[in-house]
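Open the model in your viewer and keep the selection panel at hand. The stops below say what to select and what is there.

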Amino acid sequence: MVSPISAASAAAQAAAFRLRREAVTFTRGVSSVQVQAVRGQRLWERSQVSQGLAVGDRSEDWIVLAADLVISSAVVTPQRGDTITAGSVVYRVMPFGPNDQLWQYHDRDRLYLRIHTKERT
């Protein structure tokens, strides 16, 4: 049985996804799939201080429905080197944070993935 809080959280997540999504292209090698994604950012401040300045990192994140990442008839999870293209800007899937994660589940039900990327220059 789903708790009322879990149901409300899932409904809010789905509504936010519908309202803020944009079409992007997820690419692995020569294969690609167009998916709907919500753009976000994640900041991570490292515990080390360099020359009196706090050092951190920023990731351009993309939240996608896990079931939408289908390449060659198989649902895939992001790998280093995959890209996400939004408009004319290409973002490369890159490790982020203290655990060098490429992606993580965005919700308790594991329906959405949060993919960490950096703009490719």
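This is a predicted model: local features need pLDDT of at least 70, side-chain atom pairs count only at pLDDT 80 or more; totals for chains, interfaces and linings use all residues.

Residues are numbered from 1 along each chain as its sequence is written, and side-chain values use heavy atoms, with hydrogens and water left out.

**Stop 1: the largest pocket.** Select Ile5, Ser6, Ser9, Ala10, Gln13, Ala14, Asp107, Arg108, Asp109, Leu111 and Tyr112, which line the largest pocket. A pocket here is an open set of points on a 1 Å grid over the protein atoms alone, where a 1.4 Å probe fits, with protein on both sides within 12 Å along at least five of seven lines; lining residues have an atom within 4 Å of a point. The space in this pocket is about 210 Å³, a volume being the space filled by probe spheres set on the points, which are joined across faces, edges and corners. Five nonpolar, three polar and three charged residues make up the lining. Helix H1 (residues 4–20) gives the most to it, six residues. Helices (H or I, at least four residues) and strands (E, at least two) are DSSP runs, numbered from the N terminus.

**Stop 2: Asp82.** Move to the loop between strand S5 (74–75) and strand S6 (83–86), where Asp82 sits. Is Asp82 buried or exposed? Asp82 is buried, at 2% relative accessible area; buried means under 20%, exposed over 50%, partly exposed in between (1.4 Å probe, protein chains only). Its side chain makes a polar contact of 2.7 Å with that of Arg28. A polar contact is a pair of N or O atoms within 3.5 Å; within protein, one must be able to donate a hydrogen and the other to accept it, and residues adjacent in sequence count only if both atoms are side-chain atoms. A side-chain polar atom of Asp82 also lies 2.8 Å from the backbone nitrogen of Gln79.

**Stop 3: Glu60.** Select Glu60 in strand S3 (residues 53–65). Glu60 is buried as well, with a relative accessible area of 11%. Beyond residues up to four places away in sequence, Glu60 touches Arg39, Gly40, Gln41, Tyr91, Ile115, His116 and Thr117, where contact means heavy atoms within 4.5 Å.

Definitions and conventions. Ala, Val, Leu, Ile, Met, Phe, Trp, Tyr, Cys and Pro count as nonpolar, Asp, Glu, Lys and Arg as charged, and the others, Gly among them, as polar.
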